[in-house]
Amino acid sequence: MSPALATSPSQDLGVDVLSAFQTVLKTQPELSIAMAAIRVLMQVLAGCRAGTIQELVELLRAATQVMKCKADCSSTSVVSGGELFLRFITLASEALEQEDNFENVRKIMMERGEQFLRKLSESRPKIAKLSAPFLRHGTRVLVHAHSKCVFESLKEVQKTNPEMHLYITESSLDHHGHEMKKSLDDLGFSTTLILDASIGYILGKMDFVLMGAEGVVETGGIINKIGSYTIALCAKALNKPVYVLCESFKFVRFYPLSQEDLPSEFKFYASTLEKTKDIESEHPVVDYTPPSLITLLFTDLGILTPSAVSDELIKLYL
């Protein structure tokens, strides 16, 4: 379904999806992109004028398309969050179809959606608990840019007051590393902001690398902030572990093998694609890190090796 169709009056979503999405992102900055997208889908579920389950599913997919193609954010997370939300609320769809009153069906789906959100809100505490034993006293860690999941795990471990030194890449594309440094400084961590270009120099004295992910793909690799691939390559060369902290609702059905396999809507913001004719002149905001460069993934499903990701994806989407 095209973005134009998704925003046409005939597709009555019951809410200005783009505006609602931007409002959630602005007013609730602690939320992940995927959870923000799901909250908007809950608004669509409550307010759209669908009369059948099929119409409702089409409208939810149309709303996901709007957020994916019109908002300047991680479209990878929007896709994964939207697909898993749709799967969760339509479980046992035959039972739903037996309901004579469609409003009863909508009510059941709303209850399932709320249940899904509650489940997702428990993800970060679980990841923090799993990663805590690795964040030991005296460790020196390279942190890439600003990952909310990484921050929450570090925030939790700081309660035990370990003396760690964190080296944070500035992320020159958007300077999110500056935000991460300030947030970690406020927690009492010892931090150093480093140039992206100094990774090779700094990594030699690191114990390991810590990064988040905007999406975990079927290969066991990740799509994440630009520079993640470079860091992982350097870490591999220097025999340093790379740990990824990521919620399972960012697992996405996609099988890239190289950077060229990433679609443009994953690599560039919507505004960039809209205004730029020569996309080769623009800088991508994410890159793909293959599984061979990742040591472990800490998720709410447990600590996974990259090779175990495909099995977990099958469980999530079947």
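Student: Which helix holds lysine 182 and aspartate 186?

Tutor: Both are in helix 10, residues 176-187. They sit 4 residues apart, about one turn of the helix. Keep in mind that this is a predicted model.

Student: How do their side chains meet?

Tutor: In a salt bridge, 3.3 Å from N to O.

Student: Are lysine 182 and aspartate 186 buried or exposed?

Tutor: Both are exposed.

Student: What about lysine 250 and glutamate 247, how do those side chains meet?

Tutor: Also in a salt bridge, at 3.2 Å, N to O. Arg124 belongs here too: salt bridges that share partners join Arg124, Glu247 and Lys250 into one network.

Student: Why does lysine 250 count as buried?

Tutor: Its relative accessibility is 11%, and the cut-off for buried is under 20%. Glutamate 247 is buried as well, because its value is 0%.

Student: How many salt bridges does the rule count?

Tutor: The count comes to 11. One of them pairs glutamate 265 with lysine 68, 3.6 Å from N to O. That pair links distant parts of the chain. Glutamate 265 is in helix 13 (residues 264-267) and lysine 68 is in helix 4, 197 residues apart.

Student: Switching to domains. What does the assignment give?

Tutor: Domain 1 spans 17-121 and domain 2 spans 127-317. Their centres, taken over C-alpha atoms, are 27 Å apart.

Student: How many residues of each are in contact?

Tutor: 23 residues of domain 1 contact 18 residues of domain 2. The two domains bury about 1700 Å² between them. Of that area, 57% is on carbon and sulfur atoms.

Student: Which residues of domain 1 lose the most area?

Tutor: Asp72, Thr76 and Leu84. Together they make up 31% of what the domain 1 side buries.

Student: And how many salt bridges cross that interface?

Tutor: The rule finds 2 between domain 1 and domain 2. It also finds 9 residue pairs in polar contact there.

Student: Which elements of domain 1 give two or more residues to that side?

Tutor: Helix 3, helix 4 (53-70) and helix 5 (75-89). Helix 5 gives the most, with 9 residues.

Student: Separate question: how do glutamate 83 and arginine 253 meet?

Tutor: Their side chains form a salt bridge, 3.7 Å from N to O.

Student: Now the nonpolar side. How many residues are in the largest core?

Tutor: It has 69 residues. Phe21, Leu60, Phe85 and Leu142 have the most contacts inside it. Helix 3 (residues 33-47) supplies the largest share, 11 residues.

Student: Where does this core lie relative to domain 1 and domain 2?

Tutor: Between them, because both domains give residues to it.

Student: What does leucine 142 touch?

Tutor: Leaving out residues up to four places away in sequence, its contacts include Tyr167, Ile194, Met206, Phe208 and Ile231. There is also a second, separate core of 21 residues. Cys149, Val157, Leu166 and Leu184 are among them.

Student: Last one. Where is serine 19?

Tutor: In helix 2, residues 17-27. Serine 19 is partly exposed, at 34% relative accessibility.

Conventions: Residues are numbered from 1 along each chain as its sequence is written. This is a predicted model: local features need pLDDT of at least 70, side-chain atom pairs count only at pLDDT 80 or more; totals for chains, interfaces and linings use all residues. Side-chain values use heavy atoms; hydrogens and water are left out. A nonpolar core is a set of buried Ala, Val, Leu, Ile, Met, Phe, Trp, Tyr and Cys residues joined through side-chain atoms within 4.5 Å. Buried means under 20% relative accessible area, exposed over 50%, partly exposed in between (1.4 Å probe, protein chains only). Domain bounds come from an automatic or database domain assignment. Contact means heavy atoms within 4.5 Å. Buried area is the accessible area (1.4 Å probe) that two parts lose on being put together, summed over both. A salt bridge is a side-chain nitrogen of Lys or Arg within 4 Å of a carboxyl oxygen of Asp or Glu. A polar contact is a pair of N or O atoms within 3.5 Å; within protein, one must be able to donate a hydrogen and the other to accept it, and residues adjacent in sequence count only if both atoms are side-chain atoms.
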